[in-house]
Amino acid sequence: MALIVQKYGGTSVGSAERIKNVARRVAQWRARGDDLIVVVSAMSGETNRLIALAKEIQASPDPRELDVMVSTGEQVTIALLCMALMEQGVKARSYTGPQVKILTDSAFTKARILSIDEQKIRADLAQGYVVVVAGFQGVNEAGDITTLGRGGSDTTGVALAAALKAHECQIYTDVDGVYTADPRVVPDARRLKTVTFEEMLELASLGSKVLQIRSVEFAGKYRVRLRVLSSFEEHGEGTLITFEEDENMEQAVISGIAHNRDEAKITILGVPDRPGIAYQILGPIGDANIDVDMIVQNVGHDELTDFSFTVNRNDYKKALEILKPIQQHIKAREIVSGDKIAKVSIVGVGMRSHAGIASTAFRTLAEEGINIQMISTSEIKISVVIDEKYTELAVRVLHKVFGLDQPQ
Ligand code: ADP
Ligand code: ASP
Ligand code: MG
């Protein structure tokens with residue numbers, strides 16, 4: 001008998017019928033004697049619907065009120081799943097994030113989990129209940145409802161698994177594992193049997209939305225056994241996220257291609273090339289809790305340089321507003337910006353020991369006439385920013401040139 005955390009995403013609980021299917025699966029695990037904590041997302045489309053509704057009232061919805069509102073999606077599914085479980089003869093109890101005290105900081109709409117009070121959950125498990133917890137939400141010190149950022153139910157699942165030292169955290173979704181690229185973009189993409197934490201961290205942070213990045217960070221930090229599986233398949237083994245030191249098999253050089261259309265690029269032209277300038281530009285952006293992703297600064301001419309960086313599209317307008325007075329203050333010539341960009345990335349731990357990956361990637365993009373606007377690299381990834389309209393093409397040609405469509 002083991003303690004298992006299962007998380008079911010929006011599509012998996014997208015209708016009454018699907019919720020009944022989830023209940024059947026949970027009932028099967030329960031019948032085998034396992035203790036179960038089940039985390040659910042809102043029904044598919046519901047979070048988007050709620051956000052759109054809020055925007056009809058307030059163009060930039062107040063973050064605290066937005067969280068009060070969007071957290072309701074998950075409150076509906078926890079209750080429905082418990083009802084479905086009871087219909088299957090399974091004892092079940094639902095809790096919202098605040099009820100099981102998923103304590104977070106106060107960064108509304110992108111809060112971080114600080115702690116979880118496991119007492120209530122443990123007591124219910126001891127009495128034979130399946131505990132159903134709303135994903136994506138928590139509560140701050142002041143008692144306000146917070147949410148964890150889009151895709152945050154994954155993080156609720158992993159955080160619960162870490163806090164209660166579960167045997168495994170199973171993320172059930174609409175694909176049967178982590179693929180070499182988004183299967184919606186690359187029909188030839190293959191499921192990976194295993195992927196290392198390091199690679200999964202890169203893939204998630206570079207746009208593979210199959211797992212929220214914070215869930216992967218949590219799993220790595222607390223060494224949670226994490227698996228991605230399909231909720232529509234009976235006996236799949238999915239993808240296990242492994243620690244590199246556990247691996248003794250030969251690694252593929254490249255594990256996957258990720259893409260991200262959520263960013264916007266801002267360039268400040270004619271910036272005085274002097275010490276402290278990057279801080280003057282990016283300090284206030286960071287103070288506004290805006291994450292900066294890629295940064296490129298060119299070699300200066302005539303004591304002037306150009307400074308480019310990318311931010312999430314949700315923060316794009318705010319970043320531009322912050323930069324306008326800074327541009328005047330530092331006497332930079334002009335700000336140019338746009339959100340019709342995409343970031344495409346190649347990820348693989350094998351890159352450490354193989355040369356020539358970057359040149360193969362750049363040649364392949366050049367052959368398709370795709371211009372590279374920005375480049376950033378780490379030991380195990382290469383990312384390029386390109387025109388958004390070439391996203392699918394770039395992902396497909398890179399997937400092919402690195403042989404990811406071939407059985408390994
Ligand atoms: P859920 O609602 O279950 O949380 P998501 O939509 O958040 O599901 O994540 C699953 C989706 O992630 C898939 O439908 C797929 O299109 C997308 N995805 C992107 N990159 C990958 C990848 N490398 N492997 C698998 N799925 C991916
Ligand atoms: N319902 C939230 C979202 O759509 C959280 C999640 O699904 O993980 O982002
Ligand atoms: Mg998700």
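Helices here are DSSP runs of H or I with at least four residues, strands are runs of E with at least two, and both are numbered from the N terminus. The axes of helix 6 (residues 153–163) and helix 8 come within 8 Å and cross at roughly 15°. That makes helix 6 roughly parallel to helix 8. The label follows from the cut-offs: angles under 35 degrees count as roughly parallel, over 145 as roughly antiparallel, 65 to 115 as roughly perpendicular, and the rest as oblique. Each axis is a line fitted to C-alpha atoms, for helices over the stretch in contact, with angles running from 0 to 180 degrees between N-to-C directions.

A quick word on the model: it is predicted, so local features need pLDDT of at least 70 and side-chain atom pairs count only at pLDDT 80 or more, while totals for chains, interfaces and linings use all residues. Residues are numbered from 1 along each chain as its sequence is written, chains are lettered from A and ligands numbered from 1 in the order in which they are written, and side-chain values use heavy atoms, with hydrogens and water left out.

Now for another helix pair. Helix 2 (residues 46–57) and helix 3 (residues 63–70) have axes that come within 10 Å and cross at roughly 140°. These two are therefore oblique to each other, and the crossing of helix 2 and helix 3 is right-handed.

**Charged pairs**

Side chains of opposite charge can pair when their charged atoms come close. A salt bridge here is a side-chain nitrogen of Lys or Arg within 4 Å of a carboxyl oxygen of Asp or Glu. How many salt bridges does the structure hold? There are 25. Here are some of them:

| Salt bridge | N to O distance |
|---|---|
| Arg225 and Glu168 | 2.7 Å |
| Arg352 and Glu198 | 2.7 Å |
| Glu367 and Arg363 | 3.7 Å |

Take Arg225 and Glu168, whose side chains meet in a salt bridge. Arg225 sits in the loop between helix 8 (213–222) and strand 11 (226–230), and Glu168 sits in strand 9 (residues 168–173), so this pair ties together parts that are 57 residues apart in sequence. Are these two residues buried or exposed? Arg225 is partly exposed, at 36% relative accessibility, whereas Glu168 is buried, at 6%. The words have cut-offs: buried means under 20% relative accessible area, exposed means over 50%, and partly exposed is in between (1.4 Å probe, protein chains only).

Next comes the salt bridge between Arg352 and Glu198. This pair links distant parts of the chain, 154 residues apart: Arg352 is in the loop between strand 18 (341–347) and helix 11 (357–367), and Glu198 is in helix 7 (residues 197–205). Arg352 counts as partly exposed at 37%, and so does Glu198 at 30%. Helix 7 has its buried residues too: Phe197, Glu199, Met200, Glu202, Leu203 and Ala204. Just after helix 7, Gly207 takes a positive phi of about 120°.

Glu367 and Arg363 both lie in helix 11, 4 residues apart, or about one turn of the helix. Glu367 is exposed, with a relative accessible area of 56%, while Arg363 is partly exposed at 45%. Elsewhere, salt bridges that share partners join Arg64, Glu65 and Asp144 into one network.

Most residues other than glycine have a negative phi. Thr109 isn't a glycine, yet its phi is positive, at about 70°. You'll find Thr109 in the loop between strand 4 (102–104) and strand 5 (113–116), partly exposed at 29%. Asn289 also has a positive phi, near 65°. Its place is the loop between helix 9 (277–287) and strand 15 (292–297), and Asn289 is partly exposed at 41%.

**One more spot**

Lys91 belongs to the loop between helix 4 and strand 3 (92–95). Lys91 and Ser308 are 217 residues apart in sequence and 56 Å apart in space, C-alpha to C-alpha.

Terms used:
A crossing is left-handed if the near helix is turned anticlockwise from the far one by less than a right angle, and right-handed if clockwise.
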